[in-house]
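Please read the following alongside the sequence and the model.

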Amino acid sequence: MSLRCKQYETSFGRVHRQFVEAIIFEQLLAIEEETSVFLIYGKSKVYRYEGKRTAFDRVRLYSSVFCDQTDGFHLQHISELMDELVVNSEEATRLVEDLVQTVALLEWNEIHSPLPFSRRASSYEELESEIQEGHTYHPFFKTRRGFSLEDHQRYGPESKLSFSLLWAAVKKEYLPLLE
């Protein structure tokens with residue numbers, strides 16, 4: 001059987017790869033591991049990913065290569081795998097939205113907030129905005145639930161904008177009223 005694969009080196013590819021790596025590492029679905037190949041067994045499909053185990057038993061997929069053993073490559077793996085993982089469709093929708101937001105914010109950062117050649121001379125405050133890579137394990141590394149793209153542009157550390165925080169104190173007995 002000829003296996004058709006396609007490589008993506010985009011923000012989507014990174015988020016997709018980290019999502020699948022987390023599924024494999026956490027053993028959230030039935031996994032079969034062969035030499036450099038991970039098979040993920042869903043309800044109706046088998047997903048095939050090439051990669052390896054690294055330090056601390058972490059899974060690293062090679063680039064962003066995604067293959068489906070049955071019908072070739074397609075981009076719907078994230079929602080398909082989410083359907084395999086989550087029974088509650090509302091929760092699955094929210095998690096897919098978080099992954100999509102992660103991709104969108106990562107793409108915005110790549111366009112509007114280029115990284116310096118070197119961060120060695122950066123101050124602590126500069127590093128706060130320059131360390132944009134996000135966590136290499138967590139698939140939702142840029143999600144800011146409740147933040148719009150405009151909020152990200154105005155308040156995200158990557159924008160390097162200053163703003164003042166306003167604090168408000170609320171008596172403990174009034175907290176149930178705010179829920």
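F147 counts as partly exposed, because its relative accessibility is 32%; buried means under 20% relative accessible area, exposed over 50%, and partly exposed in between (1.4 Å probe, protein chains only). This is a predicted model, in which local features need pLDDT of at least 70 and side-chain atom pairs count only at pLDDT 80 or more, while totals for chains, interfaces and linings use all residues. Residues are numbered from 1 along each chain as its sequence is written, and side-chain values use heavy atoms, with hydrogens and water left out.

F147 lies in the loop between α4 (124–130) and α5 (149–155). Helices (H or I, at least four residues) and strands (E, at least two) are DSSP runs, numbered from the N terminus. The protein has six helices and six strands, arranged along the sequence as β-α-β-β-β-β-β-α-α-α-α-α.

Of the protein's 179 residues, 37% count as buried.

Contact means heavy atoms within 4.5 Å. Leaving aside residues up to four places away in sequence, L81 touches F19, V20, I23, L29, I40, Y47 and Y49. Across the protein, 58% of the contacts with a separation of 6 or more are between residues 24 or more positions apart.
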